[in-house]
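Have the coordinates open as you read.

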Amino acid sequence: MNWGRILTVSRKVFWELRHDRRLLVYALVTPVVLMVLFGLAFGGHVQDVKIIVVNEDNGHMAADIIKNFDRGTFVIEENMNIKNAIGSLKNGECWAVIYFPKNFTENILHGKSSMKVYLDRSNINIAETVMSGVNRALIKTLAENGAGLPVRVQYTAVYGREAKFMDTFLPGVVSLAVFLISTILSVLSFIGERNMGTLDRALATPLREEEIVTGYSLAFGIVGVIQALIMLIIGIFGFNVRIAGNPVLAFFIVSLLAVVGVNLGMLLSNTAKSEAQAVQFVPMVVVPTFLLSGIFWPVEAIPKYLRPFSYILPPTYAVDALRSVIIRGWGIEKVWHDVAVLIFFGILFLGLAIFNMKKKL
């Protein structure tokens with residue numbers, strides 16, 4: 001391969017991209033929009049959960065527990081009739097009903113008191129928020145009154161001691177966005193070149209197939225690196241994400257995934273004849289990546305018979321490596337295997353794209 005000719009192809013791609021406002025906007029604005037939307041939509045905490053409390057206790061313990069509920073999380077309404085309260089729950093007017101029976105305080109002293117929580121579990125996140133909120137209020141009240149649970153559990157975080165939700169969420173969002181944007185951008189651009197005839201004219205010159213494909217890979221790989229940089233900057237400065245490890249290593253991993261996406265896009269573009277056909281590939285890339293790459297839930301939560309498919313998706317390794325760098329503070333000596341797999345995917349897709357082009361010609 002002649003690297004001079006490869007760089008010429010890359011410069012031509014940048015020149016065309018500069019004059020194609022649609023692709024330029026897609027390449028540079030889409031990462032910003034996705035990061036802001038994901039950060040605002042998923043970065044917050046559950047708030048203003050309406051619950052109804054029915055307190056028939058003759059003592060003070062139930063009132064103390066109610067007082068210790070987090071008012072930033074819950075909107076509390078009191079009701080003296082348990083049937084009416086449950087009716088409101090069934091009508092969707094609240095998310096939970098908490099019932100304190102008579103002699104609740106007195107029975108606590110004998111170790112046999114109980115309270116009932118009726119839940120609407122149509123939204124699991126809200127239901128878990130209610131349960132954790134009830135447990136926190138109960139434990140705090142018992143501690144204030146000199147009582148306690150028979151067993152105390154002490155949790156010590158080895159990694160992520162000060163990590164916020166957005167810190168754990170960023171690796172998945174960045175990996176998903178960079179991989180999808182770079183893949184789709186590469187597909188659309190390569191097909192556009194072929195439909196306009198510029199690809200055929202390039203092949204009529206001394207340029208070889210591998211030089212054309214590598215030149216495109218280099219150009220759009222640089223675009224992917226810029227996208228990775230934009231998204232990491234937004235995450236760090238816009239959403240206060242703290243990177244425990246080396247930020248340069250995190251940037252390198254995201255950039256490597258972008259190059260993998262570009263090479264996959266060029267491979268897919270060889271099997272599509274138009275942009276309309278290329279759009280059909282989008283669900284084939286988006287759905288498995290979204291569901292199986294450990295982006296929003298761990299691979300361990302995926303059924304065992306589906307897990308092998310997770311390990312043939314490049315974002316799986318990028319997400320794992322990014323979380324290890326951002327949350328655990330690991331260096332290259334501990335994430336090298338994920339990096340090696342990403343490099344393998346990049347070379348594999350690039351080689352298949354070159355082979356596919358030669359075969360078609």
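## Aromatic pairs

Phe69 and Phe74 are both buried, where buried stands for under 20% relative accessible area, exposed for over 50% and partly exposed for what falls in between (1.4 Å probe, protein chains only). Keep in mind that this is a predicted model, in which local features need pLDDT of at least 70 and side-chain atom pairs count only at pLDDT 80 or more, while totals for chains, interfaces and linings use all residues. Residues are numbered from 1 along each chain as its sequence is written, and side-chain values use heavy atoms, with hydrogens and water left out.

Searching the whole structure turns up five aromatic pairs. Rings of Phe, Tyr and Trp (its six-membered ring) pair if their centres lie within 6.5 Å; planes under 30 degrees apart are called stacked, over 60 edge-to-face, and the rest tilted. Phe69 and Phe74 make an edge-to-face pair, at 5.7 Å centre to centre with 75° between the planes. Phe100 and Phe104 have ring centres 5.2 Å apart and planes at 75°, so that pair is edge-to-face. Phe100 and Phe104 are buried as well. Further along, ring pairs tie Tyr317, Phe344, Phe345 and Phe349 into a cluster.

## Charges

What does the charged end of Arg328 sit over? That would be the ring of Trp330, at 4.5 Å from its centre. To count, NZ of Lys or CZ of Arg has to be within 6 Å of the ring centre and within 35 degrees of the ring normal.

As for salt bridges, the whole structure has one, going by a side-chain nitrogen of Lys or Arg within 4 Å of a carboxyl oxygen of Asp or Glu. The partners are Lys50 and Glu77, whose side chains meet at 3.1 Å, N to O. This pair links distant parts of the chain, with Lys50 in strand β1 (residues 49-55) and Glu77 in strand β2 (residues 74-78), 27 residues apart. Lys50 is partly exposed, at 28% relative accessible area, and Glu77 is partly exposed too, at 33%.

## Two residues up close

Ser175 belongs to helix α7 (residues 165-196). With a relative accessible area of 1%, Ser175 is buried. Its side chain reaches the backbone oxygen of Pro171 at 2.7 Å. Setting aside neighbours within four places in sequence, Ser175 is in contact (heavy atoms within 4.5 Å) with Leu257, Ala318, Val319 and Leu322.

Gly72 is found in the loop between α3 (61-67) and β2. Its relative accessible area of 40% makes Gly72 partly exposed. Again leaving out neighbours within four places in sequence, Gly72 is in contact with Gln47 and Asp48. Asp48 is 24 residues from Gly72 along the chain, and their C-alpha atoms are separated by 6.8 Å.

## The whole chain

The protein chain has 15 helices and four strands, taken as DSSP runs numbered from the N terminus (H or I and at least four residues for helices, E and at least two for strands). Of the 361 residues in the protein chain, 45% are buried. Among contacts with a separation of 6 or more, 79% are between residues 24 or more positions apart.

The accessible surface of the protein chain is about 19100 Å², and carbon and sulfur atoms account for 62% of that. Accessible areas come from the Shrake-Rupley method with a 1.4 Å probe; for residues, only the protein chains shown count as cover.

Definitions and conventions. Polar contact = N/O pair within 3.5 Å; in protein donor to acceptor, adjacent residues only side chain to side chain.
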